[in-house]
Amino acid sequence: MDSDLSSIVLVLCLTTFVSAFCISMTRMATQGKLDRHSSAGIHTPHTQASDVAWQEGHTAALPLVYKTGWVAAITTPLIMIVELKLGQPWAVITGVAGIQCEMAILFYAMKVANKATRSAVRLGI
């Protein structure tokens, strides 16, 4: 595999992996299958406050985290189209832009999770 092809494959894999990993970990946390002391999940002081806060935060963030799947679903074929039309550098830039969109969504999901857990703590849940 030459370097042009390997960079495209790497960007395609990263775009898909980031989304799949984050969706599966967030779903596991909402179902109580991912402990708050594990290495994956939304780790903030608010979500770490209790098991209920951990689950509340991930439940609130899950709809946003699902949007990373849409970003990956749109970015993946777009990378291939850009590779065919404009070449490898532009395809890599497209892939990196997709990953940045996923990261922006995940940071916003973290903010939503924090807000949900603060509300749950105030209500005494």
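Analyst: Helices and strands are taken here as DSSP runs and are numbered from the N terminus. In this predicted model, the order of elements from the N terminus is α-α-α.

User: What box do the C-alpha atoms of the chain fill, and what share of its contacts joins residues 24 or more positions apart?

Analyst: Along the principal axes, the C-alpha atoms fill a box of roughly 55 × 20 × 20 Å. Of the contacts with a separation of 6 or more, 70% are between residues 24 or more positions apart.

User: How much of the chain is buried, and what is its accessible surface?

Analyst: A residue counts as buried when its relative accessible area is under 20%. Of the 125 residues in the chain, 40% are buried. The accessible surface is about 7400 Å², and carbon and sulfur atoms account for 69% of that surface.

User: Is Leu-62 buried or exposed, and which residues does it contact beyond its sequence neighbours?

Analyst: Buried means under 20% relative accessible area. Leu-62 has a relative accessible area of 12%, and therefore it is buried. Leu-62 belongs to helix α2. Setting aside neighbours within four places in sequence, Leu-62 contacts Ile-23, Thr-26, Arg-27 and Thr-30. Between Leu-62 and Thr-30 the separation is 32 residues in sequence, while their C-alpha atoms are 8.0 Å apart in space.

User: Which residues make up the largest nonpolar core?

Analyst: A nonpolar core is a set of buried residues of nonpolar kinds, joined through side-chain atoms within 4.5 Å. The largest such core has twelve residues, including Val-18, Cys-22, Ile-42, Leu-64, Val-71 and Leu-106. Helices α1, α2 (51-86) and α3 each contribute at least two residues to this core. Another core lies apart from it and has six residues, among them Ile-8, Val-11, Leu-12 and Ile-79. Val-18, a member of the largest core, is in contact with Glu-102, Met-103 and Leu-106 once neighbours within four places in sequence are left aside.

User: How is the largest pocket lined, and how much space lies in it?

Analyst: The largest pocket holds about 290 Å³ of space. Its lining comprises 13 residues, with Cys-22, Thr-26, Gly-41, Ile-42 and Leu-106 nearest the centre. Both α1 (3-30) and α3 (88-123) provide at least two lining residues, and the largest share, five residues, is from α3. By type, the lining has ten nonpolar residues, three polar and no charged.

Methods. Residues numbered from 1 in each chain as written. Predicted model: local features only at pLDDT ≥ 70, side-chain atom pairs only at ≥ 80, totals over all residues. Heavy atoms only, no water. 1 Å grid on protein atoms, 1.4 Å probe; cavity = no way out; pocket = protein on both sides within 12 Å on 5 of 7 lines; lining within 4 Å. Points joined across faces, edges and corners; volume = space filled by probe spheres on them. Helix = DSSP H or I, 4+ residues; strand = E, 2+ residues; numbered from the N terminus. Nonpolar A, V, L, I, M, F, W, Y, C, P; charged D, E, K, R; others polar. Buried < 20%, exposed > 50% of the residue type's maximum accessible area, 1.4 Å probe, protein only. Contact = heavy atoms within 4.5 Å. Areas by Shrake-Rupley, 256 points an atom, 1.4 Å probe, with all protein chains shown as cover.
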